[in-house]
Amino acid sequence: MRSPSDSEEPSSPRLITRSLALRGLSLDDAPAIAALLQDRRIAEMTARIPHPYTLRDAETYISSPPDDWVRAVDRLEDGALVGIVSLRSLERRGQLEIGYWIGRPFWNRGYATQAAQTVIDHAFAGLEAEVVEARCRAVNAASRRVIAKCGFGYSGTGLSESLVAGRVSCERYRMDRRTWSALKSWGACA
């Protein structure tokens, strides 16, 4: 499996969905990211986003990203940055974890599902992953719906650390290459 962090540079081709473009981050994105992440509800549902979130936080994140494959999620109709989606390598070879957030003004439009499905396809087809995992806080029904729409199978509960919420209950989900191939052949993830 190719590593998510070294597979593509920000200048690489965009991934396109029916209403979104996924592309590498640039420092020009910092103001939009900082503005969207002023909503504490987003930070509470994630592991690594602090609150309050400043322009400097966004600039630092963009300038020295973690060893993740990170993409800005832009709306095609006007180019507005609506969120971020990422993949990170897990300790187990061939396994990745997907993460995503969408800014509140863009909720309930299917953007998280479109972005996640596209990134899952990239993980299996482009990065040759064997397994993609997802997790969400137990209280995050919206994220659970995205995960279900993508075809993940429930794999258990546990605890996660959130910079804002502390130690929280989470649910874990998993999709292996065989399941992904079956879903694609059935057209279940269209």
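A: Not counting residues up to four places away in sequence, Ile 98 touches Val 85, Ser 86, Leu 87, Ala 116, Val 119, Ile 120, Val 132, Glu 133, Ala 134 and Phe 152, where contact means heavy atoms within 4.5 Å. The model is a predicted one, in which local features need pLDDT of at least 70 and side-chain atom pairs count only at pLDDT 80 or more, while totals for chains, interfaces and linings use all residues. Residues are numbered from 1 along each chain as its sequence is written, and side-chain values use heavy atoms, with hydrogens and water left out.

Ile 98 belongs to strand β5; helices (H or I, at least four residues) and strands (E, at least two) are DSSP runs numbered from the N terminus. With a relative accessible area of 6%, Ile 98 is buried, a term that stands for under 20%, whereas exposed stands for over 50% and partly exposed for what lies in between (1.4 Å probe, protein chains only). Among the residues that Ile 98 touches is Val 119, and although these two are 21 residues apart along the chain, their C-alpha atoms are separated by 7.9 Å.

On the way into β5, Arg 92 sits in the loop between β4 (81-89) and β5, and it is partly exposed, at 43% relative accessibility. Its side chain is joined to that of Gln 95 by a polar contact of 2.9 Å; such a contact is a pair of N or O atoms within 3.5 Å, of which, within protein, one must be able to donate a hydrogen and the other to accept it, and residues adjacent in sequence count only if both atoms are side-chain atoms. The C-alpha of Arg 92 is separated by 11 Å from that of Ala 129, which is 37 residues away along the chain.

Most residues other than glycine have a negative phi, and most peptide bonds are trans. Asn 108, in the loop between β5 (95-102) and α5 (111-126), has a positive phi of about 65° although it is not a glycine, and at 76% relative accessibility it counts as exposed. Glu 128, in the loop between α5 and β6 (131-137), likewise has a positive phi, near 60°, but is partly exposed, with a relative accessible area of 42%. A peptide bond to inspect elsewhere is the cis one that joins His 51 and Pro 52, with omega about 0°; Pro 52 lies in the loop between α3 (40-44) and α4 (55-63).

Strand β7 (residues 153-162) includes Ser 162, which is buried at 6% relative accessibility. The side chain of Ser 162 reaches the backbone oxygen of Thr 46 at 2.9 Å, and, leaving aside neighbours within four places in sequence, Ser 162 is in contact with Ala 43, Glu 44, Thr 46 and Ala 47. A polar contact of 2.7 Å joins the side chains of Ser 160 and Arg 135, and beyond four places in sequence Ser 160 touches Arg 135, Gly 166, Arg 167, Val 168, Cys 170 and Arg 172.

The structure holds 0 disulfides, a disulfide being a pair of cysteine sulfur atoms within 2.5 Å. The sulfur of Cys 136 has its closest cysteine sulfur in Cys 170, and because these lie 7.9 Å apart, they are too far for a bond. Both residues are shielded: Cys 136 is buried at 5% relative accessible area, and Cys 170 is buried at 2%.

Finally, there is the open space. The largest pocket holds about 1,200 Å³, a volume that is the space filled by probe spheres set on grid points joined across faces, edges and corners. On a 1 Å grid over the protein atoms alone, a pocket is an open set with protein on both sides within 12 Å along at least five of seven lines, whereas a cavity is a set of points where a 1.4 Å probe fits but cannot get out; lining residues have an atom within 4 Å of a point. Of the 50 residues that line the largest pocket, Met 45, Thr 46, Tyr 100, Trp 101 and Ser 143 are the closest to its centre. Its lining divides into 28 nonpolar, 10 polar and 12 charged residues, where Ala, Val, Leu, Ile, Met, Phe, Trp, Tyr, Cys and Pro count as nonpolar, Asp, Glu, Lys and Arg as charged, and the others, Gly among them, as polar.
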